[in-house]
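Student: Before we start, I would like to know what stands behind the terms used for this model.
Tutor: Then look at it first, and ask about each term in turn.

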Amino acid sequence: MVWKYKIDLEDKSVFSEIEQSRGIEIPEDLKQLVIDENAATPEKYCFMVGNNERVFGAVLSFNKVDDDTVFVALDVVKDKNLFPFGIDPFGNYICLNLKSEEVVFWDHETDRIESTGNKLKQFIESLY
C-alpha cells in the first residue's frame, strides 16, 4: 500500500497518554499503523460497508498541533469502545471497535455505526 502526505509522529508517548486518559488499550497493530502512516492518505482509499462505498480520507494525526487529530475525534465519538483512527472527506470517522477489533464506519450526522466486517489488517488490505 502506498501512502501519501505522511506527517512524522512527534511523540510515541501519545499512545500511553490516550490509554491512561480513556482507560483503554490501543492495539499494537493500530499503534504501528499510526507510527508508519500518521496523517497519511492511502493511494487506494475506497472500501465497502454493506452495499455502500465509503472513502478513507486519511489516518488521523496523533500530533496535537496538526489538523484532523485523534484528539478532536475522541471528543466527538463518545463511545469509549470505539477508537477513531481515520476520517473521510465528509467528517465521518473510521474507528476500531476495541471489543470486537473490527473496523467500523461512524456517521457523524446520525451517530450510526456500521461494521466493515474486517479486522484492521484486512481492512487496510481491502482498500481499493
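Tutor: G86 stands opposite I94 in β7. The model is predicted, so local features need pLDDT of at least 70, side-chain atom pairs count only at pLDDT 80 or more, and totals for chains, interfaces and linings use all residues. Residues are numbered from 1 along each chain as its sequence is written, and side-chain values use heavy atoms, without hydrogens and water.

Student: What makes β6 and β7 a pair of strands?
Tutor: Two strands pair if DSSP finds at least two bridges between them; strands are DSSP runs of E with at least two residues, helices are runs of H or I with at least four, and both are numbered from the N terminus. 5 bridges join β6 (residues 82–87) to β7 (residues 93–97), so the two count as paired.

Student: Why are β5 and β9 at the edges?
Tutor: The open sheet has the order β5-β6-β7-β8-β9, with antiparallel pairing. Each of β5 (58–59) and β9 (113–119) has a single partner strand, so one side of each lacks a neighbour in the sheet.

Student: Why is β8 called mostly covered?
Tutor: Buried means under 20% relative accessible area, exposed over 50%, and partly exposed in between (1.4 Å probe, protein chains only). In β8, 4 of the 5 residues are buried.

Student: What does F123 touch beyond its neighbours within four places in sequence?
Tutor: Contact means heavy atoms within 4.5 Å. By that rule F123 is in contact with F47, F56, F85, I94, V103, T116 and N118.
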